[in-house]
Amino acid sequence: MNKARGKTNPSCGQRRAPIAEAMRRYAADGAAPYHTPGHKQGLGAHPLLSALITEEGLREDVSLMEELDDLHAPHASIAEAEHLAAELYGADAAYFMINGTTGAIHAMLMAALVPGDTVLVPRNAHRSVTGALVLAGARPVYLAPEVDARLGIAMGVAPETVRHAIERHPKARAVLLVNPTYYGVTTDLAAIADIAHAHDMALLVDEAHGPHLRFSEALPAQAIEAGADMAAQSTHKILGAMTQGSLLLARGSRVAPERVRQASSLLQSTSPNQLLLASIDIARLQMAECGKARVGAAVRLAEHLRSAINEIDGLWCFGRAYLEAKGRYDLDVTKLTVNVAGLGLTGVEAGSILRHQYKIECELSDARNVLFILSYADGEREAKKLLRALCALAAHRKEAHAIPAPPPLPAIPAQAMAPRTAFFAQKEAVPFLAAKGRTAAEQVMFYPPGIPVLVPGDVVDEASLCYIAAGKQLGLNVSGAEDAALERLLVVQE
């Protein structure tokens, strides 16, 4: 299933962390800080802040000094760090993002599209994609992902689905995909890249959950290797950067580099946090030093844990053998999706029990599953702790009662207008059920995973309302709606 990997042997420069080195040089110089930030390198920091960040971290929390660099026009340490990241990931260019992969996705779409462009988008895309459509003024054509009824989750978008959509919309400028999904499932990205490029369309990938794929032959190929033109990765989600630290990778000439830099500059702070930037650089350094060994160990640990979980009565953790169907090409095995329906529990109930009785926090819980992520940081101790908790969860569930089947994922609603048009339209709040037939003016989703059920511009239909109501009844966390209780929905004023 995996394409051959490109060169991953690090150059000598990969053993450096240019941004961290530049910060340390300034802090060591001893210049009196008559500049921002206001805590003056920790001099005025509250003890709580000092405890959180450490004395050295506060001394290096500075920006725009001559030793440092400018994120918006990098020419020194940031430029060197971005070059090293591109080299390590086999990309032509890498852009450091300090407002997460949400910001990377926004920049990616704004760089690749202009207002009025059509883009093919999977309906199970993260809420950040909707935000990017609003910012870019692009019009989406939604693609239906394959849905697994047993798990109750969306999988990948099949290549034939993309091909048929392109036949209907030959003037689309780009295809955007989520790969891997939150649950680790990938589609045949190389085949889709060939389809898109044959029609002169860019392939853009939300690869938030795939920054580690490059470092193990046992994992799916990363998007850039599979032929994507751009890929947004969450360096903080799976690797060792601080939260909000992400990378935007680019390859080829379909999206102009100057457009990417302009878009990312427009969307990012003019006072970027050097600690965040340094953490992205250091996460790259760590992967260059020991990425293959540590990610490889996580893969082996996850596969062992998956086998052990599947020996527990009432639990099921799917693996590669379950992927023989459309839209399921490969699996990031470090994602452990544990189906708890056999215990007579919803995923929400199981997640709550694990958190409060066994001190295990999952990545997400849904109607039937709990998701656990094993990263390069986990070892035998962490795996054994999780396994003991799951064994205890199953053992204390004496009687397994049938749980209600989760409602089927609703079909893609009709579009009344583009997301940007609906976002800026006059709005009004109406009772939840009275929204049927109206045009949605807000996103409604369950978070995590943050996949919208309704986006601005959708025609609110009965299937979507029923799905939202069922999710709320299951205890899923509603996000995006102005009224979190969902007594009212925002719609476009008529």
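**Ring contacts, sheet and charged pairs**

Modeller: Searching the whole structure gives six aromatic pairs, a pair being two rings of Phe, Tyr or Trp (for Trp the six-membered ring) with centres within 6.5 Å, called stacked if the planes are under 30 degrees apart, edge-to-face if over 60 and tilted for the rest. One of them joins Y89 and F215 edge-to-face, with 5.6 Å from centre to centre and 80° between the planes. This pair links distant parts of the chain, 126 residues apart: Y89 belongs to helix 4 (residues 77-89), and F215 to the loop between strand 8 (202-206) and helix 9 (223-226). Helices (H or I, at least four residues) and strands (E, at least two) are DSSP runs numbered from the N terminus. Y89 and F215 are both buried; buried stands for under 20% relative accessible area, exposed for over 50% and partly exposed for what lies in between (1.4 Å probe, protein chains only).

The model is a predicted one, in which local features need pLDDT of at least 70 and side-chain atom pairs count only at pLDDT 80 or more, while totals for chains, interfaces and linings use all residues. Residues are numbered from 1 along each chain as its sequence is written, and side-chain values use heavy atoms, with hydrogens and water left out.

W316 and Y322 also form a ring pair, and it is edge-to-face because the centres are 4.9 Å apart and the planes stand at 80°. W316 is buried at a relative accessible area of 16%, whereas Y322, at 22%, is partly exposed. Ring pairs join W316, F318 and Y322 in a cluster.

Strand 14 runs antiparallel to strand 15 (residues 369-373), and two bridges join them. L364 has L371 of strand 15 opposite.

Next come the charged pairs. The structure has 21 salt bridges, each being a side-chain nitrogen of Lys or Arg within 4 Å of a carboxyl oxygen of Asp or Glu. One of them is between R320 and D330, whose closest N and O atoms are 2.6 Å apart. R320 lies in the loop between strand 11 and strand 12 (330-331) and D330 in strand 12, so the bridge ties together parts ten residues apart in sequence. R320 is partly exposed at 27% relative accessibility, and D330 is buried at 1%.

Another salt bridge joins R173 to D117, at 3.0 Å from N to O. R173 sits in the loop between helix 7 (159-168) and strand 6 (174-178), and D117 in the loop between helix 5 (100-112) and strand 2 (118-122), so parts 56 residues apart in sequence are tied together. R173 is partly exposed at 39% relative accessibility, and D117 is buried at 10%.

Notes:
Pairing = 2+ DSSP bridges.
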